[in-house]
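User: Could you walk me through this model? I would like to start with how two of the chains meet.

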Amino acid sequence: MTQALVNVPAKAKRGEAIEIKTLISHPMETGYRHDTNGQPIPRDIIHTFVARYNGEEVFRADLHPAIAANPFITFFTVATESGVIELTWTQDHRDPVTQTANITVE
Amino acid sequence: MTSVVICFLISTSFAAEIPQDERRSGTAFMTRETQAMQEDDRANPGMLAVLDGEALWKDAPPGAKACAGCHGEAATSMKGVAARYPTFDEARGRPIDLEQRINLCRTEHQHAPAFTWETRELNAITAYVANQSRGMPITAGTDERSRPFVEAGRALFNKRQGQLDLSCAQCHDDNWGKRLAGSVIPQAHPTGYPEYRLEWQSTGSLQRRLRSCVFGVRAEPLGYGAPEQVDLELYLMWRARGMPLETPAVRP
Amino acid sequence: MKRSPTAAPTRRRFLAVAGGVALAPLFVRSARATPATMAAAIREVVGEAPVREGKVTLELPPLVENGNAVPMTVTVESPMTAAEHVKRIHVFNEKNPQPYIATFHLGPRAGKAKISTRVRLADSQKVVAIAELSDGSFWSASADMIVTLAACVEETP
């Protein structure tokens, strides 16, 4: 089962740059390995990560096989207003994974 | 595959146990960066397995109760449990490890198939149970009935084996702190299992680690769940008695 | 008796452990990125624009225990305003099968141009981070790192 661990501060001051930490379970199979029978193991990676703040994109990462298994990504965003931060990981062969966190801005 | 030849200085004198006040967890031998990865639960990839285990804890197999259905809140019912494992099991007349105990609940109490060794499920549920004892001192092997099995494990630890004719003790009692190729030899205290190993790129069990160390000396690894394997786990836990559990540890 | 690893043992012998240490075959392809392929990949991103050193800080541990997950942080000096901000941070390497590691798209809403992740580095090599600013300029930083190998590896990958 895909598990995502997301850390968004529950509260922030307006205008403050807050740090968002994310971790998701994923093999990030490079596509450069072979199994024990010598057959190539197909690439299976998360290639895109997007953060949306109340629907507007505030951060995006294009990822390659050089990103470690179970990708860990942290970034900053300005706390503009209370609402929802939506994080989406898009992968090669399965549906995207989305996780949301609420934030209260004072 | 890249292979390198290394030279390693080995003392042939008899292995002596590490004095209690000199014992150090594997964490102490890691780089600051890897320590930081373990210390922050929001950055520790082993926490993904714990999270996965929490879901399994609440998940009932068809027609049976979930773990939570019998044991309630793991934070209370499982607190301190992992620090006592492997523990002597009356019915089997010998010690069983935490994975085996959990699988007994699967088969006897949930009438479900046992989780296969080293699967995502077994490592996750074990990591979740063990995480409830984080920070608690290890007590496994300190009771009378466990003693002969601790001794059997000690004998295995001190036995020279494999094409390299090396014992675990030669590295971990006599040469800890030295460098072997790029790695520092730790003292082999099993304080953080199941652990996230960067080498594995996933969470794995103590048995998997022991198998890789046996393979490292070019000997035939013991099978998962083999009695000798559990004796070795028990000896290592007894050897680490009093040290705090760290599950999920991160190791190179 | 205490036997710390520094205490001189009575008898010593040198043991050559041949092939006892192996790098997990993460990247088992002979075709690898080279400094030249990295340079070409960078050209593709920056075009003819000059890339200046500065403004970018690339943090990578100089010595790494395992190349499978190397912590990396990139910080760029910038006020991060609508008029003046970092648009993208591109990260490249020399020796993995591909020169690309990642591209991070930022903007004034980031507030702070700082990202962290963990990367795979198949070997000791150079990593380059390039920041693309809103005025069209490119700034870079690079780091050399050494990857050591794990000792207890397994029979199967």
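Analyst: Contact here means heavy atoms within 4.5 Å. By that rule, 31 residues from chain C and 31 residues from chain A take part. This is a predicted model, where local features need pLDDT of at least 70, side-chain atom pairs count only at pLDDT 80 or more, and totals for chains, interfaces and linings use all residues. Residues are numbered from 1 along each chain as written, chains are lettered from A and ligands numbered from 1 in written order, and side-chain values use heavy atoms, with hydrogens and water left out.

User: How much area is buried between chain C and chain A?

Analyst: About 2800 Å², with carbon and sulfur atoms giving 55%; buried area is the accessible area (1.4 Å probe) that two parts lose on being put together, summed over both. Arg109(C), Arg118(C) and Arg120(C) supply 29% of what chain C buries against chain A, more than any other three residues.

User: And how many salt bridges does the rule find across that interface?

Analyst: One, taking a salt bridge as a side-chain nitrogen of Lys or Arg within 4 Å of a carboxyl oxygen of Asp or Glu. Glu56(A) pairs with Arg109(C), their closest N and O atoms being 2.9 Å apart.

User: Switching topic, which residues touch the most other members of the largest nonpolar core?

Analyst: Phe59(A) and Val74(C), in a core of 58 residues. Such a core is a set of buried Ala, Val, Leu, Ile, Met, Phe, Trp, Tyr and Cys residues joined through side-chain atoms within 4.5 Å, where buried means under 20% relative accessible area, exposed over 50% and partly exposed in between (1.4 Å probe, protein chains only). Leaving out residues up to four places away in sequence, Phe59(A) touches residues of both chains, including Phe49(A), Ile73(A), Phe104(C) and Ile115(C).

User: Is Thr98(A) buried or partly exposed?

Analyst: Thr98(A) is partly exposed, at a relative accessible area of 43%. Its side chain makes a polar contact of 3.1 Å with that of Thr88(A); the term covers a pair of N or O atoms within 3.5 Å, where within protein one must be able to donate a hydrogen and the other to accept it, and residues adjacent in sequence count only if both atoms are side-chain atoms.

User: What about Thr30(A), buried or exposed?

Analyst: Thr30(A) is buried, with a relative accessible area of 2%, and a polar atom of the Thr30(A) side chain lies 3.0 Å from the backbone nitrogen of Tyr32(A).
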